[in-house]
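Q: Hi, I'm new to this one and would like a quick tour. Can we look at it together?

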Amino acid sequence: MNASGRGGWLRVAALLAVLVSPLARAADRDANELERLFRDGMTALQEDRLRSAIEAFQTILASDPSLHRARLELAVAYYRALNYAEAQALAQQVLDDPATPPQVRVSILAFLAQVKADAERLAVRHSWRAQLGLGGLYDNNVNVGPSSEIVTEAFRLAPGNTARSDNGLFLQAALSHTFNPGSRHMIGERAAEFLWQTQLSAYHRGYNHESEFDLTVASLGTGPALVVLRHWRAALNLQLDYIELGGSPLARFTSLNPLVTWQFRDGEFTLDGSVGRRDYDDDADSGREGDYRQLGVMLAHYYDNRRVAVQLGARHHDFEADVAGYGSSGPEYYLAGQWRAWPRGQLHARISQRDLDYDGTDPVLTSQSRDDRDRRLLVGFSHQFAGGAFDKWRLNGDLLRTLNASNLDLYDYRRTQINLALIRDF
C-alpha cells in the first residue's frame, strides 16, 4: 500500500465515523455490553491492535447482525490487516441495504474503490526496477586504492608515498526485483506482508592514466522480508560481491545481512548486522582472507513534514584475517542529514569517524603494530529534472574528503574525491 492508499483509508474511516449513525441499541440487558465492546474495538483500531479490534466487532455482530456501524468498522480493520476480500464483502453488505442513507453510500463507495486499488497492487506478483548512471570523477590520491581493508595499499603507493591524482569516468547499473506471493501473516496484533527481494548491481570506475587502479564491483543480493506498514520491517539478505582491480580479479566477499527497523512518529530505529567471508584471488593478498562480523544501530528523525531528515548511527566491526596483522576491530560513528531544499532537489551531508585497531604486528613493518583513525566528510546534492532533454534524469554530485591518521607514517594519507553523475530510474 502506498502513501496515498494509507491516507485514503484514513479519510474514508473518518467519513464513516461521522456519517454512520451511532451504534444501535439491542435489548436493554445487552446494550451496555455492546457499547463497551464497541468502545474497546474502536480503541484497538486507533492503536493498530487489529486482532483485538476484529474480535471485538465480530463479537458485536454475532450478538446483533443488524449493527452496520460495527460491520463498517470491522471492514476497516480487515482492510488494515490486508484482508481485502473480507473488507470488500462487509462494506458491500452495508451498501446493499436499502436503509443505508445516501450520504453514507458515497463514503462506502469511496472505501470500496480504495480497497479495490490496494487489492490490485497486492495482486502484482512481480515488480521490477532498474537504474542506470554515468558520470565523471576526480581523485587526488588514486594510489591509496579502493580501501585500506580491501587491498595491500603499501605495495600500490607511489615511490616516496607521493599521492597521484587523476580523473576518469564511471558507470553504474542496478536491477531489483520484488516477488510478492500475496502472503499475509498476523504477527501479534498486526498483519505482516511477506516479500522476496533481489538486487543485482554493477559499478565500474576507470581512470584516464592510472588504469592499474580501475575498479569494478558486481553484487548480487537476495532474501526474504516482512513488512508491517507504519510499524516495522525486517529483512535477511544474502549478498555476493565480486571485485576487480586494474582489470584483474581481486576478491570475492560473501555475507549474510539481517536488518530490523522499527518505525515511530517522525522517525525510525534500525538494528542491522553482517557476518561474512572474504576470499582473495592474488597470492599477495591471501593473508587478508578471513571472517568478518559487524553490528550497527541507527536512529533517524524527520522534521518539517519530512523535508529534513537526520540520522545518527554507530557500528562495530571485527575482522579475523588469516594473517593477524590484516585483521582489525573497532567502532564507527556517523551523523548524516538530508534537506529537501527545493521542489525537486535535496542537499545531503555525512560525517563519520572509524577507529581500526589492527591485530598483531603489521605485515609490512613487521616489528610494529598499527592503529588507524579514518575521518570522512561527504557533502552533495541531487536534482530531478522534469521536462526537456533530461526529463526523468537525476543529477547527483558529491565531494568526499578522507583523512586517515595512523601511528605508522606509511598509512597516513589525505584524499579528495569528486563525483558528478546523471542517473535515471526505469
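Q: Are Y79 and Y84 buried or exposed?
A: Both Y79 and Y84 are buried, where buried means under 20% relative accessible area, exposed over 50%, and partly exposed in between (1.4 Å probe, protein chains only). Keep in mind that this is a predicted model, in which local features need pLDDT of at least 70 and side-chain atom pairs count only at pLDDT 80 or more, while totals for chains, interfaces and linings use all residues. Residues are numbered from 1 along each chain as its sequence is written, and side-chain values use heavy atoms, with hydrogens and water left out.

Q: How many aromatic pairs are there?
A: The count comes to 8 aromatic pairs. Rings of Phe, Tyr and Trp (its six-membered ring) pair if their centres lie within 6.5 Å; planes under 30 degrees apart count as stacked, over 60 as edge-to-face and the rest as tilted.

Q: Why is the pair of Y79 and Y84 called tilted?
A: Their ring planes are at 50 degrees, so the pair is tilted, and the centres are 5.6 Å apart. Y79 and Y84 also form one aromatic cluster with F111.

Q: What about the rings of F385 and F390?
A: That pair is tilted too, because the planes are at 35 degrees, with the centres 5.6 Å apart. F385 is partly exposed at 25% relative accessible area, and F390 is partly exposed at 42%.

Q: Which charged residue sits over the ring of F319?
A: It's R278, whose charged end is 5.1 Å from the centre of the F319 ring. Here the rule is that NZ of Lys or CZ of Arg is within 6 Å of the ring centre and within 35 degrees of the ring normal. R370 lies over the face of Y411 as well, at 3.6 Å from the ring centre.

Q: New topic: how many salt bridges are there?
A: There are 26 salt bridges, each being a side-chain nitrogen of Lys or Arg within 4 Å of a carboxyl oxygen of Asp or Glu. One of them joins D48 and R80, at 2.0 Å from N to O.

Q: Where do D48 and R80 lie?
A: D48 is in the loop between α2 and α3 (50-63), and R80 is in helix α4 (residues 68-80), so the pair ties together parts 32 residues apart in sequence. Helices (H or I, at least four residues) and strands (E, at least two) are DSSP runs, numbered from the N terminus. D48 is buried at 6% relative accessible area, and R80 is buried at 10%.

Q: Which residue forms a salt bridge with R293?
A: That's D318, with the closest N and O atoms 2.8 Å apart. R293 is in strand β9 (residues 290-303) and D318 in strand β10, 25 residues apart. R293 is partly exposed at 32% relative accessibility, and D318 is partly exposed at 25%.

Q: Last one: which residues are closest to the centre of the largest cavity?
A: The largest cavity holds about 90 Å³ of space. Of the 11 residues that line the largest cavity, the closest to its centre are L50, R80, A191, L229 and R230. On a 1 Å grid over the protein atoms alone, a cavity is a set of points where a 1.4 Å probe fits but cannot get out, and lining residues have an atom within 4 Å of a point. The volume is the space filled by probe spheres set on the points, which are joined across faces, edges and corners.

Technical notes
1 Å grid on protein atoms, 1.4 Å probe; cavity = no way out; pocket = protein on both sides within 12 Å on 5 of 7 lines; lining within 4 Å.
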